[in-house]
Amino acid sequence: TAAFHEDADRFVVIYRDGGNSNYPTCQVVDVDANGDFSVGSEVVINSSTSGVNFLCYDSNVDRMVVFFENANPDLKAYVLTVDNSDNSCAVDTSKEASISGDNVNGIDAVFDPDTNRMIVVFGTSSGDEINSHVLTVTGGSTNTIAVGSECQISSDGLAYTSNGYGIHAAY
């Protein structure tokens, strides 16, 4: 997936790197006025096989949040910072936010500028449910994510297909 980092004026992409043990990997992409791309170095976000990966930008603190599911399976998140000088990105892995301990098969997140909060919504295959959390992102030198209590949106018998749950959040 990809998202635009407004403050850095760059795109950030995250993917499951099949050439590197399926680790969640990010890159910063700059597109100049001529439409030419400049791509930064690959940055491994976590040294664990990833499943679902997603990005969401918080314009209140000018930070990107990177979500990934590791092999346990656990849904985790980090605050991602971008350095324009070399199109690089970084996360502080000591500040990992744990979102869910369930197997996640669909995810979306949206930033609400009225409350300066992010909402992450995800579907699980192990519990056949859709859950959400409200997140508060702190920028500056702190770069942390406070995770609110889980809210179950639906416990109906959701059918997982090859297309996933098709979860979409919108502000």
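User: Let's start with contacts. Which residues does Thr93 touch, leaving aside those up to four places away in sequence?

Analyst: In this predicted model, Thr93 touches Ile45 and Tyr78 once those sequence neighbours are set aside.

User: Where does Thr93 lie?

Analyst: Look at the loop between strand 9 (88-91) and strand 10 (97-100); Thr93 lies there. For a distance to go with that, take Leu80, 13 residues apart from Thr93 along the chain: their C-alpha atoms are separated by 9.9 Å.

User: And how do I read its accessibility: is Thr93 buried, partly exposed or exposed?

Analyst: Buried means under 20% relative accessible area and exposed means over 50%, with partly exposed in between. Thr93 has 46% relative accessibility, so Thr93 counts as partly exposed.

User: What about surface patches? Which residues make the nonpolar one of about 460 Å²?

Analyst: That patch is made by Phe4, Phe11, Val31, Phe37 and Val39. Pick out Val31, which you'll find in strand 3 (residues 23-31). Val31 counts as partly exposed because its relative accessibility is 34%.

User: On to cysteines. How many disulfides does the structure hold?

Analyst: The general idea is that a disulfide is a covalent bond between the sulfur atoms of two cysteines. Here the structure holds 0 disulfides. Cys89 is in none, and its nearest cysteine sulfur, from Cys26, is 5.0 Å away. The cut-off for a disulfide is a sulfur pair within 2.5 Å. Cys151 is in no disulfide either; the nearest cysteine sulfur there belongs to Cys56, 18 Å away.

User: Are Cys89 and Cys151 buried or partly exposed?

Analyst: Cys89 counts as buried because its relative accessibility is 6%. Cys151, with a relative accessible area of 42%, is partly exposed.

Methods
Residues are numbered from 1 along each chain as its sequence is written. This is a predicted model: local features need pLDDT of at least 70, side-chain atom pairs count only at pLDDT 80 or more; totals for chains, interfaces and linings use all residues. Side-chain values use heavy atoms; hydrogens and water are left out. Helices (H or I, at least four residues) and strands (E, at least two) are DSSP runs, numbered from the N terminus. Buried means under 20% relative accessible area, exposed over 50%, partly exposed in between (1.4 Å probe, protein chains only). Contact means heavy atoms within 4.5 Å. Patches are made of residues with over 30% relative accessible area and no salt bridge: like charges are joined within 9 Å, nonpolar side chains (Val, Leu, Ile, Met, Phe, Trp, Tyr) within 5 Å. Accessible areas come from the Shrake-Rupley method with a 1.4 Å probe; for residues, only the protein chains shown count as cover. A salt bridge is a side-chain nitrogen of Lys or Arg within 4 Å of a carboxyl oxygen of Asp or Glu.
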